[in-house]
Amino acid sequence: MGPQEKCGRHARARGYGVGRLALATGAAAVLAAACGGDGGDGGSSGGPPPAPALKLSTVSSLPDYVTGDDALVRLEVPAGVSGTPVVMLEKSDVSRAFTQAGDGTWQGLVRGMALGKNTLRAQVGESTATLEITNYPITGPMISGPHQKPFLCTTTSFGRLGGGTLDGPFGENCSTNTRVDYFYRNKSGGNSRWNTPTVYPADMATITIDEGKPTERTVPYLVRLETGTINRGIYQSAMLHDPLSDGEIGPNKRSKAWNGKLMYPLGGGCQGGWYTQGATFGTLIVDEWMKQGYAAVTSTLNIFGSNCNDLLSSETVAMTKERFIEAYGVPVYTIGTGGSGGAYQSFQTSDNYPGLFDGIIVNMVFPDVTSATLFKVFDSRLLNNYFNRAGGLAYTDEKKKAISGYLQVGNIANMSGSAGRLDPVVSFPAGFQESLKYHPVNNPGGSRATVYDHTVNVYGKDSRGFALRPIDNVGVQYGLKALNDGAITVDEFLDLNANIGGLDVDLKPMAARTAGDIDAIRRAYQSGRITHGGGGLASTAILENRDYFDNAVNGDIHNKIHSYSVRERLKAANGHFDNHVMLGPGPVGDNLLQLMDQWLMGVVSDTSDQSRPRKVVSHKPAGLADACWDSGGNKIVEPSTAYGEGRCNQLYPAGTTPRLVAGGPLADNIVKCQLKAVDPADYKATLNAGQLERVRQIFPGGVCDWSKPGVEQQPLKGTWLSFGPSTKNQLFDVTRP
């Protein structure tokens, strides 16, 4: 059926009863304009001026990334244009969905979108607007590429319903029916299910909400908890809501107790974070948030212990936040928050998919999964193998610390264990079938339990179907700083580098160094799997609660040095890191949530024409600056640096990593170094001719030249990149090997 035939057929398709005449007439006008109907004089010279344009936009998500067949749509009508809007979704009149949301503004939840492209048209008087919308299934994917299989459903064991159970799972996407429960804070300080939501419980607490106004409001401490499935993950949202006084709520009728602000907590972990829907996450009924009127939302796929793939996590944030907005309205701002794996997600979602988070509050910081963290655990596995090999040189603990960069020798073995996330046979979720697991001999086509294989949609595959790996240690001179500091001898340096070797695709030791896959390295940089810092992070307010684990005797992955890797990347990308404030280590006395609220409200209220990054920097609260606290709770305000003589560094010194000891940059973002010829000037110790020749034999292609960018190192190619099925901003075809 051709376009004109469709238009003619639609114009005859339906009539309107009494009371719908105005809308029918307007709908016909929209169709006439869309179908090239009567346009007066056709815009010839001398005719009347064109009608001012309307503005039609989706506010629950970007129009290219809509999911679940609906979207919250805003229609802005310019001054001087009057009338009731007529809005058409393809052939369907959806005008009744819209209500007036302010002077010249209408808003409506438009339902019934088909998968793929949809056209929305609006008309008020002679003014019109058209918006193209692309809709994807609520089960995903949208931008993350094909779903990982197999996939364990956990709806029957999900642990955050206070004794309730979820339906299903339904189908291969582990879906469940959406449900709403109410909980109340009891006078003993716990949360209880409100089983009869027609009468207030006798032991229900109340809450006084301070909105910064002259008066405060006291409301029942009742929380609406919504649970369902999106993108195969189990999501929940929580907000204060009193159904007895508010009645039903929606995007155009908000809960009176919600302050309009949204928290999005992100969970930690990584090793074992694949092939599962995830069974739980921390409760969203956080007293600090609820007392101030915040809402909260998250998903099991935003827990890195369930899903260690930042791309899939960001997609889930987008889809889950979209659902929240469609149900409850657009937040004033959204804060992403979390530690460790939650910090990964906060940084990478902010940088790669701007607009999802306005500010982030993070702790146990890493810049991302792919670079600093995996470099560290990979190198630690090599060092652990080397130090424990039969017949090897004996090193004192002090020498081991100098070579690794860690303040505690126990961190070498600890980080070596954390390298299990690179081992295809180590970390599977509970309940994963043995017959499905990879084994190099017995089941070479089985599922591999590695970060890289979990992120195969980005990195691509080799001829065996294994994910390509952006990891490399060719040319890395382990222990170089230790040698130059006199902590180890030349012979120890030579033995170390001659025998440390590499790790193969199954994480087995091999004599040769590990050569990274160039395609995967390039894609890691282009796509933001290695955090760049110049995407959305440039416009994000960042508050870091800097904790301290460098002195943990048995080791801990959350080392202080990674905070400064983040700062180096921000500085390289944006010329500064003024939007990043570090509070801690020590018993931090400042309230980070209140500081972030002050910061973001300043940005929100700024209607000037200056850029978003400039607004973020200019509205940083007065007096908000780096600080640490001593054991007595005394605040020490001074710039936080990786090294130096400041009081904070005396109290909380930072270790480094094996790759930084080898000469790598503080940004810790070079996967594969460019090589140079061996230069005697690089060694403070005197190497004789035989020792220099030995270095050249160990490194026949040359040693790392850390003064140059890494191989294929490049800026982020863009934001809101897709790996399918969306073809907008698609980086490459994920179906190719």
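A polar contact of 2.6 Å joins the side chains of Asp 181 and Arg 193. The model in which this pair occurs is a predicted one. Asp 181 belongs to strand 10, which covers residues 179–185. The residue counts as buried because its relative accessible area is 7%, under the limit of 20%. Leaving aside residues up to four places away in sequence, Asp 181 touches Leu 161, Arg 193, Val 223, Arg 224 and Leu 225.

Five strands of the model form an open sheet with mixed pairing, in the order 2-9-8-4-5. Its edges are strand 2 (66–67) and strand 5 (92–93), each of which pairs on one side only. Within the order 2-9-8-4-5, strands 8 and 4 are neighbours, and these two pair in the antiparallel sense. A further antiparallel pair is made by strand 6 and strand 7. The table sets out both pairs.

| Strands paired | Residues | Sense | Bridges |
|---|---|---|---|
| Strand 4 and strand 8 | residues 86–89 and residues 116–124 | antiparallel | four bridges |
| Strand 6 and strand 7 | residues 98–102 and residues 105–110 | antiparallel | four bridges |

Phe 98, for its part, stands opposite Gly 108 in strand 7. Strand 6 and strand 7 form a hairpin with two residues between the strands, and in this hairpin Gly 104 takes a positive phi near 75°.

**The largest pocket**

Rolling a probe the size of a water molecule over the atoms shows where empty space is left. In this model, the largest pocket holds about 670 Å³ of space. It is lined by 33 residues, of which Val 59, Lys 321, Gly 355, Leu 356 and Asp 358 are the closest to its centre. By residue class, the lining divides into 18 nonpolar, ten polar and five charged residues.

Which elements each supply at least two residues of this lining? They are strand 1 (55–58), helix 5 (310–328) and helix 16 (592–604). Helix 5 gives the most, with four residues. Lys 321, one of the residues closest to the pocket centre, falls within the span 310–328 of helix 5.

Key
Residues are numbered from 1 along each chain as its sequence is written. This is a predicted model: local features need pLDDT of at least 70, side-chain atom pairs count only at pLDDT 80 or more; totals for chains, interfaces and linings use all residues. Side-chain values use heavy atoms; hydrogens and water are left out. On a 1 Å grid over the protein atoms alone, a cavity is a set of points where a 1.4 Å probe fits but cannot get out, and a pocket is an open set with protein on both sides within 12 Å along at least five of seven lines; lining residues have an atom within 4 Å of a point. Grid points are joined across faces, edges and corners, and a volume is the space filled by probe spheres set on the points. Ala, Val, Leu, Ile, Met, Phe, Trp, Tyr, Cys and Pro count as nonpolar, Asp, Glu, Lys and Arg as charged, and the others, Gly among them, as polar. Buried means under 20% relative accessible area, exposed over 50%, partly exposed in between (1.4 Å probe, protein chains only). A polar contact is a pair of N or O atoms within 3.5 Å; within protein, one must be able to donate a hydrogen and the other to accept it, and residues adjacent in sequence count only if both atoms are side-chain atoms. Contact means heavy atoms within 4.5 Å. Two strands pair if DSSP finds at least two bridges between them.
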